[in-house]
Amino acid sequence: MIAVIGATGNVGRALVHRLVAADSPVRALTRDPERAGLPARAETVRFQLDDPATLFTGVTRLFVYAHATDPGLLDTARRAGVRHVVLLSSGIIKDSSDDETHPIHIVHATAEQHIRDSGLAWTFLRPNAFAANAFQWAPQIRTGSTVRGVFANGRTAPIHEDDIAAVAERVLLDDGHEGLAHRLTGPESISNSEQIAAIGQALGRPLDFVEVPPDQAGPELFPHVPPHMLAGLLKVFAATVDVPPEITTTVERLTGTPARTFATWAEDHVDDFR
């Protein structure tokens with residue numbers, strides 16, 4: 001039995017679908033099972049720590065994201081029989097020359113250390129930019145043809161959430177990944193303005209990117225970013241301008257299938273922008 005915490009997130013949902021398709025027993029842990037909309041063959045359970053047996057009894061492997069790596073939860077999982085935990089971490093952690101003061105780094109480095117200290121076998125997945133970050137532009141795209149954003153020439157190699165899930169599936173089902181940190185990216189470099197053009201191509205209508213100075217970027221452009229994290233995030237974005245991003249072949253090496261392009265991601269999610 002594999003438990004997936006965050007089963008309604010972009011990666012968690014894709015992972016649950018993959019495990020069900022592979023006929024692997026999966027327990028999907030979510031705070032609102034009634035609205036989760038997960039496959040019927042997944043055992044969907046409310047994620048609450050007052051009844052640990054409901055969460056982890058019979059579970060041997062666990063997929064978790066950084067904000068759920070409380071030491072108490074990890075200890076509960078270990079005592080219930082979980083032996084291997086797979087963490088959705090972040091590519092901001094590079095093991096050398098890290099900016100250890102960055103809020104995103106702190107969150108994920110802390111999560112990784114909690115897992116190392118837990119006594120559980122572990123594997124860390126460290127994706128860089130998510131293709132799903134483009135959802136930040138969806139409200140503007142639904143209502144017009146102009147998208148305002150920062151750093152038109154900021155370059156990343158965004159990864160499809162299902163490619164992350166495909167790697168997580170292999171790590172959870174196959175042996176030999178314990179103690180490893182896998183760096184994950186998409187297959188190609190693409191700028192923010194090129195991402196907007198790709199979404200427009202998928203929609204069948206042209207879209208224009210209008211660059212906003214970073215000192216004028218606020219909650220209207222980043223509504224889901226906590227205010228105390230915005231400055232650090234803009235610093236990360238600024239460092240990507242006209243800089244070739246890291247590109248790995250980890251997805252293909254571990255799954256046998258090349259990582260999907262951003263254009264493919266846009267086509268897969270075209271309805272989310274209509």
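Student: Where is the place of Asp23?
Tutor: Asp23 sits in the loop between H1 and E2. Helices (H or I, at least four residues) and strands (E, at least two) are DSSP runs, numbered from the N terminus.

Student: What kind of model is this?
Tutor: This is a predicted model, where local features need pLDDT of at least 70 and side-chain atom pairs count only at pLDDT 80 or more, while totals for chains, interfaces and linings use all residues. Residues are numbered from 1 along each chain as its sequence is written, and side-chain values use heavy atoms, with hydrogens and water left out.

Student: Back to Asp23. Buried or exposed?
Tutor: Exposed, because the relative accessible area of Asp23 is 58%. The cut-offs: buried is under 20% relative accessible area, exposed is over 50%, and partly exposed is in between (1.4 Å probe, protein chains only).

Student: Which loop holds Phe151?
Tutor: Phe151 is in the loop between strand E7 (146–149) and strand E8 (155–156). Phe151 is not a glycine, yet its phi is positive, about 55°. Phe151 is buried, with a relative accessible area of 11%.

Student: Now H1. How many residues has it?
Tutor: H1 covers residues 10–21, which is 12 residues. From first C-alpha to last it reaches 17 Å, close to the 16 Å expected at 1.5 Å a residue. The expected span is 1.5 Å times one less than the number of residues.

Student: Which residues of H1 are buried?
Tutor: Val11, Gly12, Ala14, Leu15, Val16, Leu19 and Val20. Their cover includes strands E1 (2–5), E2 (26–30), E4 (61–65) and E5 (84–88), and helix H6 (161–173).

Student: What is Val16 in contact with?
Tutor: Leaving aside neighbours within four places in sequence, Val16 is in contact with Val4, Ala7, Val26, Ala28, Leu38, Pro39 and Ala42. Contact means heavy atoms within 4.5 Å.

Student: How many residues are in the largest nonpolar core?
Tutor: 29. Val4, Leu15, Val16, Phe63 and Leu125 have the most contacts inside it. E1, H1, E2, E5, H6 and helix H9 (250–255) each supply at least two residues of this core. A second, separate core has 23 residues, including Ala68, Leu74, Val82 and Trp122. A nonpolar core is a set of buried Ala, Val, Leu, Ile, Met, Phe, Trp, Tyr and Cys residues joined through side-chain atoms within 4.5 Å.

Student: In which sense do E1 and E2 pair?
Tutor: Parallel, over 4 bridges. Strands pair if DSSP finds at least two bridges between them. Val4 stands opposite Ala28 in E2. Both faces of E1 are covered, with Ile2 and Val4 buried on one side and Ala3 and Ile5 buried on the other.

Student: Which residues of H4 are buried?
Tutor: His105, His108, Ala111, Glu112 and Ile115. Seen down the axis of H4, the buried residues fall within an arc of 140°, so they line one face of the helix. The arc is that of the directions from the helix axis to the C-beta atoms. Cover for the buried residues of H4 includes E4, helix H3 (71–80), E5 and strand E6 (121–127).

Student: How many residues of H6 are buried?
Tutor: 11 of its 13, and H6 is mostly covered. Glu161, Asp162, Asp163 and Glu169 are among them.

Student: What joins the side chains of Thr123 and His84?
Tutor: A polar contact of 2.8 Å. That is a pair of N or O atoms within 3.5 Å; within protein, one must be able to donate a hydrogen and the other to accept it, and residues adjacent in sequence count only if both atoms are side-chain atoms. Thr123 lies in strand E6. Thr123 is buried, with a relative accessible area of 0%.

Student: What does the side chain of Thr240 reach?
Tutor: The backbone oxygen of Phe237, at 2.6 Å. Thr240 is in the loop between helix H8 (227–238) and H9. Thr240 counts as buried, at 16% relative accessibility.

Student: Last one. What does the side chain of Gln140 reach?
Tutor: The backbone nitrogen of Arg148, at 2.8 Å. Gln140 lies in helix H5 (residues 138–143).
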